[in-house]
Amino acid sequence: TTSPHVNTTGTPENTPPPHVNTTSTPDNATSPQVNTPGTPENTTSPHVNTTGTPENTSPHVNTTSTPENTTPPYGNTPGVTPAAPVTIPSTPASPRPIVVLQFSLNQDFNEDLKNKTSEAFQSLAKNITTQLDTVYRNKFGDAFNRTEITDFRSGSVIVDSTLIFNNLTVVPNTSEVTNTLKAAANTSGFSLPVNTSTIVASALMSTPEN
């Protein structure tokens with residue numbers, strides 16, 4: 001007996017599946033560009049204008065110093081014996097001849113005359129030296145140098161003085177010294193009250209020049 005025909009419709013075993021139209025991003029597709037504002041990674045930083053001393057720049061110091069090889073001060077060089085100073089012998093002072101002159105003044109003695117720093121001593125000594133300088137310079141010219149007062153002693157006023165001359169070749173003898181003072185004491189321009197009978201010129205001596 002023949003089975004009845006059954007008309008069935010089905011999908012053939014090898015029929016390809018229906019086409020699905022899908023849109024997807026290909027694996028290697030480029031992602032859309034995203035425009036984001038910002039500083040690019042390798043962009044140069046903005047210029048900052050700063051004023052200051054560079055890190056590695058040393059400030060200029062104006063210093064004055066002795067060079068390393070400068071010779072040290074005299075006498076301080078290690079291991080070097082300084083040269084001995086040169087001694088120049090001095091020329092001995094030429095002696096000046098002197099005449100010791102003594103006389104008395106007709107006036108009272110003041111105890112202050114014993115003190116060479118007193119006003120009385122200084123005043124009388126200046127008066128005597130001024131007048132004796134004039135007398136003996138007028139007599140002996142440039143050969144005479146000066147008068148010095150040594151002392152005042154009691155006995156009215158006894159004057160011890162020294163007449164200093166410039167060289168040994170023009171030294172007067174003692175009588176010439178005494179006579180010169182006696183003559184001056186008798187003139188109107190001489191004001192010292194010299195007792196002419198007491199005038200004594202002693203031996204000649206010499207003293208270093210000063």
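## Basis and overall fold

The model is predicted, with local features requiring pLDDT of at least 70, side-chain atom pairs counting only at pLDDT 80 or more, and totals for chains, interfaces and linings using all residues. Residues are numbered from 1 along each chain as its sequence is written, and side-chain values use heavy atoms, with hydrogens and water left out.

The chain contains two helices and four strands, in the order β-α-β-β-α-β from the N terminus. Helices (H or I, at least four residues) and strands (E, at least two) are DSSP runs, numbered from the N terminus. Of the 210 residues, 23% are buried, where buried means under 20% relative accessible area, exposed over 50%, and partly exposed in between (1.4 Å probe, protein chains only).

The accessible surface of the chain is about 16,500 Å², and 49% of this belongs to carbon and sulfur atoms. These areas come from the Shrake-Rupley method with a 1.4 Å probe; for residues, only the protein chains shown count as cover. Among contacts (heavy atoms within 4.5 Å) with a separation of 6 or more, 68% are between residues 24 or more positions apart.

## Strands E2 and E3

Strand E2 (residues 144–154) and E3 run antiparallel and are joined by nine bridges; strands pair if DSSP finds at least two bridges between them. Asp 151 stands opposite Asp 160 of E3. In E3 (residues 157–165), nine of nine residues are buried. One side carries Val 157, Val 159, Ser 161, Leu 163 and Phe 165, and the other carries Ile 158, Asp 160, Thr 162 and Ile 164.

Two residues lie between the strands of this hairpin, and Gly 155 has a positive phi near 140°. Ser 156 is also in the loop between E2 and E3, and its phi is near 60°, a positive value in a residue other than glycine. Most residues other than glycine have a negative phi. Ser 156 is partly exposed, with a relative accessible area of 39%.

## Helix H1

Helix H1 (residues 119–140) has 22 residues and should span 32 Å at 1.5 Å a residue; its end C-alpha atoms are 31 Å apart, which agrees. The expected span is 1.5 Å times one less than the number of residues. Buried residues in H1 include Phe 121, Leu 124, Ile 128, Leu 132, Tyr 136 and Phe 140. Just after H1, Gly 141 takes a positive phi of about 65°.

## Nonpolar core

A nonpolar core is a set of buried Ala, Val, Leu, Ile, Met, Phe, Trp, Tyr and Cys residues joined through side-chain atoms within 4.5 Å. The largest one has 30 residues, and those with the most contacts inside it are Leu 101, Phe 103, Leu 105, Ile 128, Tyr 136 and Phe 152. Two or more residues each come from strand E1 (95–105), H1, E2, E3, helix H2 (174–185) and strand E4 (194–208). H1 gives the most, with eight residues.

Beyond its neighbours within four places in sequence, Ile 128 contacts Phe 103, Leu 105, Ile 149, Phe 152, Val 159 and Leu 192.

## Aromatic pairs

The structure holds five aromatic pairs. Tyr 136 and Phe 144 form a tilted one, at 6.0 Å centre to centre with 35° between the planes. Rings of Phe, Tyr and Trp (its six-membered ring) pair if their centres lie within 6.5 Å; planes under 30 degrees apart count as stacked, over 60 as edge-to-face and the rest as tilted.

Tyr 136 is buried at a relative accessible area of 0%, and Phe 144 is buried at 3%. Ring pairs link Tyr 136, Phe 140, Phe 144 and Phe 165 into a cluster.
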